Every structure is written in structure tokens, then in C-alpha cells.
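Please look over the sequence and the structure below before reading on.

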Amino acid sequence: MPKKKVAGIGASSDRGKFSNKAVRAYADQGWEVYPVNPKGGQIEGLTAYKSLEEVPVKVDRITLYLPPEVGVKVLAEVAEAGAAEFFVNPGADSDELLEEAKRLGLDPIAACSIVDIGTSPAKYT
């Protein structure tokens, strides 16, 4: 069975941030991980893409780790990417962001995507 693919928008090289813990957690669970950060470079040894549009494959899941006022600006890209699942992690959600996501035809899941894949953020220090 092919590996599931996830794009983490707002991925960080700071190992204390949940967006970095997500990169590590998904990789540990066997997912192909595509970190997205406007600075590019590398995160946890993986190529970081400057935008979701630069990710070279269709991903199964997008997980959002941006402040809501920034996250709302990438929702059109998220909608265009057509992933089956879109997680809006704690701290990235706001009523405005969730409403705009729904208006764009997305079905946002407001929950911790690390917990959803069967692990705990506390495992990653």
C-alpha cells in the first residue's frame, strides 16, 4: 500500500513547536511529509516548500499550523490542492478561518492532527 502524504503548513525547524513535532510524528508513523514554510530550506532533513503550490505531489492530508490571521490567507491554496482531509490544529483555528474554509468548500477538522494519527505531541521534545 502506498504511503499517505501530508503537507504541514507552517512547519518550523524549532523542535519545541507543534508544527515541528507534527513533521516528526507523521514521519515516525510512516507518512511522506512535505513541510511548507515560506523560508524554504530544510526541516528535520526534509525539503521545506515555500508554498503549498510548490509541493510536487497530491497530498492526502493538509495540516495547518499558522496563526488564524495568517492561515486564512492560505485557504484558497488549500482548497485548490484538493486533499481528502484538512486539519486545523489548536491555535490555528478561529471562527473566521473555519467559516472561510467552509465557504471555499473545505471540510475543516478542528483538532490536533498528531493525536489523530495515534501518537502524542508530548512524545516529541
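## Overall build

The model is a predicted one, and in it the protein has 5 helices and 7 strands. Read from the N terminus, these elements follow the order β-α-β-β-β-β-α-α-β-α-β-α. The radius of gyration is 13 Å, close to the 14 Å that the globule rule gives for 125 residues, so the protein is as compact as a globular protein of that length.

Taken along the principal axes, the C-alpha atoms fill a box of roughly 35 × 30 × 30 Å. Buried residues make up 46% of the 125 residues, while the accessible surface comes to about 6500 Å², with 51% of that area belonging to carbon and sulfur atoms. Among the contacts with a separation of 6 or more, 61% join residues 24 or more positions apart.

## The sheet

Five strands form an open sheet in the order S2-S1-S5-S6-S7, and their pairing is parallel. Its edges are strand S2 (32-36) and strand S7 (108-110), each of which pairs on one side only. From one strand to the next, the twist averages 20°.

Within this sheet, strand S1 (residues 5-9) pairs with strand S5 (residues 61-64) in the parallel sense over 4 bridges, and isoleucine 9 stands opposite leucine 64 in S5.

## Helices on the sheet

Helix H1 (residues 18-28) packs on the sheet and touches S1, S2 and S5, with its direction making about 165° with that of S2. Helix H4 (residues 95-103), in turn, lies across S5, strand S6 (85-88) and S7, and runs at about 155° to S7.

Conventions. Residues numbered from 1 in each chain as written. Predicted model: local features only at pLDDT ≥ 70, side-chain atom pairs only at ≥ 80, totals over all residues. Heavy atoms only, no water. Pairing = 2+ DSSP bridges. Helix = DSSP H or I, 4+ residues; strand = E, 2+ residues; numbered from the N terminus. Axes fitted to C-alpha atoms, helices over the stretch in contact; angles between N-to-C directions. Contact = heavy atoms within 4.5 Å. Rg over C-alpha atoms; globule rule 2.2 N^0.38 Å. Buried < 20%, exposed > 50% of the residue type's maximum accessible area, 1.4 Å probe, protein only. Areas by Shrake-Rupley, 256 points an atom, 1.4 Å probe, with all protein chains shown as cover.
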